[in-house]
Amino acid sequence: METQPYLLEALRLAIEAGSRGEVPVGAVLVHEGKIVGRGSNSREAMQDPLGHAEMEAIRGASQALGSWRLVDCDLYVTLEPCPMCLAACQQARVRKVVYGAKDEKGGAICLGFGVHDHPKLNHRFEVIYSPMAECSKVLKDFFSTLRNRSS
């Protein structure tokens, strides 16, 4: 299955989040080729530390499918998931996670939190880095603008 269209939809959601003053991260959850959950960061607006794009997409997909078990679903997200979000994917039984930009300071994979493939866990899943320059650019531009405003 081609990752590009799903990452592009996640990127659209990320750009929307950035326009609202949120860190521009977007995510979509796909089941049988159809997007069943969408999310973008909402931590600032909701003042909720759980307001990550992945969490919103997982919640939306669970509601749409009527189950917390998302065994036949794939998550596409613009930024490498943090440890909390990767653990949520494990708990939701997501089949695969694909991300478009690395997060060297907060990403679960870069930091070595292998909850997706730990041999003692009851559910393991594939995580794929599928570099998409636009995902990184949106984040770099957002933080550059923030730094310029505070100067």
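# Reading contacts, salt bridges and pockets

The backbone oxygen of Arg93 lies 3.4 Å from a polar atom of the His123 side chain. The model is predicted.

User: Where is His123 found?

Analyst: His123 is in the loop between helix H5 (108–111) and strand E5 (126–129).

User: Is His123 buried or exposed?

Analyst: Start with the cut-off: under 20% relative accessible area means buried. His123 has 14%, so this residue is buried.

User: Which backbone oxygen does the side chain of His123 reach at 2.8 Å?

Analyst: That of Val94. Recall Arg93 as well, with its backbone oxygen 3.4 Å from a polar atom of the His123 side chain.

User: Which residues does His123 touch, not counting those up to four places away in sequence?

Analyst: His123 touches Gln90, Arg93, Val94 and Val115.

User: Now salt bridges. How many does a search of the whole structure find?

Analyst: A salt bridge pairs a side-chain nitrogen of Lys or Arg with a carboxyl oxygen of Asp or Glu, within 4 Å. The search finds five. One of them joins the side chains of Glu9 and Arg12, at 2.6 Å from N to O. Both residues lie in helix H1 (residues 4–19), three residues apart, about one turn of the helix.

User: With which residue does Arg12 form a salt bridge at 2.3 Å?

Analyst: With Glu16. Arg12 and Glu16 are four residues apart in helix H1, so about one helical turn separates them. Glu9 is buried at 15% relative accessible area. Arg12 is partly exposed at 36%, and Glu16 is partly exposed at 34%.

User: What does the salt bridge between Asp74 and Arg95 tie together?

Analyst: Their closest N and O atoms are 3.0 Å apart. Asp74 lies in strand E3 (residues 73–77), and Arg95 in the loop between helix H4 (83–92) and strand E4 (96–99), so the pair ties together parts 21 residues apart in sequence. Asp74 is buried at 3% relative accessibility. Arg95 is partly exposed at 39%.

User: Which residues do salt bridges that share partners join into one network?

Analyst: Glu9, Arg12, Glu16 and Arg38.

User: Last, pockets. What volume does the largest pocket have?

Analyst: Rolling a probe the size of a water molecule over the atoms shows where empty space is left. The largest pocket has a volume of about 270 Å³. Its lining has 14 residues, with Val23, Val25, Asn41, Leu79 and Asp103 nearest the centre. By class, seven are nonpolar, three polar and four charged.

User: Which residues line the second largest pocket?

Analyst: Leu79, Ala101, Lys102, Asp103, Glu104, Lys105, Ser136, Leu139 and Lys140. The volume of this pocket is about 200 Å³. Its lining has three nonpolar, one polar and five charged residues.

Definitions and conventions
Residues numbered from 1 in each chain as written. Predicted model: local features only at pLDDT ≥ 70, side-chain atom pairs only at ≥ 80, totals over all residues. Heavy atoms only, no water. Helix = DSSP H or I, 4+ residues; strand = E, 2+ residues; numbered from the N terminus. Buried < 20%, exposed > 50% of the residue type's maximum accessible area, 1.4 Å probe, protein only. Polar contact = N/O pair within 3.5 Å; in protein donor to acceptor, adjacent residues only side chain to side chain. Contact = heavy atoms within 4.5 Å. 1 Å grid on protein atoms, 1.4 Å probe; cavity = no way out; pocket = protein on both sides within 12 Å on 5 of 7 lines; lining within 4 Å. Points joined across faces, edges and corners; volume = space filled by probe spheres on them. Nonpolar A, V, L, I, M, F, W, Y, C, P; charged D, E, K, R; others polar.
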